[in-house]
Amino acid sequence: MDNKEMKKSLLSAQVDLSKFSAANFEKATDEEKRQQDVMGESTTFFKDGMRRLRKNPLAMASIVVLALIILIILVAPHIVPYKYDQIIAVNGVRDKGSANLGFFMYSQKELNYMNETGEDLFPHIFGTDGLGRDYFIRVIYGTRVSLAVGVVAAIMVVIIGIIYGSIAGYFGGKVDLIMMRIVDIIYSLPDMLIIILLSVVLNENLSGKLAGTVFSSLGSNMISMFIVFGLLYWVSMARLIRGQILTIKNNEYVLAARCIGTSNAKILKRHILPNCLSVIIITTALQIPSAIFTESYLSFLGLGVSVPLTSLGSLANDARSGMQSYPARLVIPAVIICLIVLALNLLGDGLRDAFDTKLD
């Protein structure tokens with residue numbers, strides 16, 4: 001392009017300044033600058049996940065159901081005067097006539113007793129079982145035990161799985177190879193057989209030694225179940241954490257932390273594990289219903305808590321003998337197990353949708 005063509009293009013590009021006044025060239029005010037600010041509100045990973053979770057109606061309904069169940073099992077024992085192992089007797093005679101289930105149902109002995117003494121007995125909301133124990137309070141304590149087993153098992157799985165998976169994924173090489181082969185071996189072990197064997201061994205060696213301790217009400221079956229949870233059920237969590245760390249440990253911020261001499265433990269704690277938070281939250285939420293279901297069917301088979309302590313599975317097992325006469329005794333714990341497991345699974349799915357950024 002020669003000089004003439006360049007001058008012609010510059011003249012054509014000139015703007016007619018007569019159309020503008022001095023007011024058009026004044027500096028923008030602070031208010032006008034704020035109106036041009038298009039940045040979103042600052043937030044954190046947890047706040048953003050909770051905002052997404054609140055938009056999920058099924059997850060929120062599950063939270064409400066779980067909150068109601070927890071509230072009932074915490075408050076009911078302070079209102080109902082019966083104990084889970086209390087055999088209710090009227091006039092010194094153990095009541096066997098109120099094994100029917102019905103709301104606010106009394107046996108004939110109880111009615112006669114109230115007429116004679118004028119005493120108002122607390123109603124048996126679900127009636128009583130075959131031994132004269134209040135069935136409502138036994139369901140309450142059974143729900144407590146089942147939920148406690150699920151939460152404790154999930155905590156054990158999370159702690160062991162995070163530590164094991166972090167070491168294997170971060171150090172890699174031969175360490176990862178050996179540790180993952182151990183995981184493969186554990187995957188092949190039959191958990192039900194180990195629970196039965198441990199129950200037999202612990203029952204022979206610990207009988208009489210648990211008396212007077214905090215473990216006496218649990219029994220050898222429940223202790224063996226917790227041992228199996230700690231030995232076998234963490235492998236899935238370990239594999240997930242290992243996979244996450246293998247993709248994170250070569251990022252620039254991890255390499256920068258290594259270059260300035262940050263220790264491996266500090267790198268895992270401050271830089272890597274926080275980026276695995278979504279996997280930890282989701283897996284934990286899904287592990288609780290799995291542990292509850294495992295405890296329920298083991299208790300149904302007679303491998304759960306020891307009598308007189310009860311769980312939802314053992315309640316269903318006890319109700320088999322009177323299933324045709326009193327079917328509600330089997331339906332009530334079964335419905336509660338279904339509600340808890342379904343609510344926790346729906347909540348786990350909601351947490352996955354809310355916190356898993358790869359789904360965006």
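In which helix is Met 60 found? I looked it up and found Met 60 in helix 4 (residues 57-79). Helices here are DSSP runs of H or I with at least four residues, strands are runs of E with at least two, and both are numbered from the N terminus.

**Notes on the model**

I am working with a predicted model, in which local features need pLDDT of at least 70 and side-chain atom pairs count only at pLDDT 80 or more, while totals for chains, interfaces and linings use all residues. Residues are numbered from 1 along each chain as its sequence is written, and side-chain values use heavy atoms, with hydrogens and water left out.

**Entry: Met 60**

Met 60 has 29% relative accessibility and counts as partly exposed. The cut-offs are under 20% relative accessible area for buried, over 50% for exposed, and partly exposed in between, with a 1.4 Å probe and protein chains only. Leaving aside neighbours within four places in sequence, I found Met 60 in contact with Leu 53 and Arg 54. Contact means heavy atoms within 4.5 Å. I also looked up Leu 346, which is 286 residues from Met 60 along the chain. The C-alpha atoms of Met 60 and Leu 346 are 9.2 Å apart.

**Entry: the whole chain**

I counted 15 helices and 2 strands in the chain. Of its 360 residues, 40% count as buried. The chain exposes about 21100 Å², and carbon and sulfur atoms supply 64% of that area. Accessible areas come from the Shrake-Rupley method with a 1.4 Å probe, and for residues only the protein chains shown count as cover. I then took the contacts between residues at least 6 apart in sequence, and 72% of them join residues at least 24 apart.

**Entry: salt bridges**

How many salt bridges does the rule give? The rule asks for a side-chain nitrogen of Lys or Arg within 4 Å of a carboxyl oxygen of Asp or Glu. The count comes to 5 salt bridges.

I looked at Asp 184 and Arg 239, whose side chains meet in a salt bridge at 2.4 Å, N to O. Asp 184 lies in helix 7 (residues 173-187) and Arg 239 in helix 10 (residues 235-248), so the pair ties together parts that are 55 residues apart in sequence. Asp 184 is partly exposed at a relative accessible area of 30%, and Arg 239 is partly exposed at 36%. Arg 181 joins Asp 184 and Arg 239 in a network of salt bridges.

I next looked at Arg 352. Its closest N to O distance in the salt bridge with Asp 349 is 3.9 Å. Arg 352 and Asp 349 both lie in helix 15 (residues 328-355), 3 residues apart, which is about one turn of the helix. Arg 352 also forms a salt bridge with Asp 353, at 3.7 Å, N to O. I noted relative accessibilities of 35% for Arg 352, 30% for Asp 349 and 38% for Asp 353.

**Entry: helix 11 and helix 12**

Two packed helices are described by the angle between their axes and the distance between the axes. I found that the axes of helix 11 (residues 252-259) and helix 12 (residues 264-272) come within 11 Å and cross at roughly 150°. Axes are lines fitted to C-alpha atoms, for helices over the stretch in contact, and angles run from 0 to 180 degrees between N-to-C directions. On the helix 11 side I listed Tyr 253, Val 254, Ala 257 and Arg 258, which meet Ile 267, His 271 and Ile 272 in helix 12.
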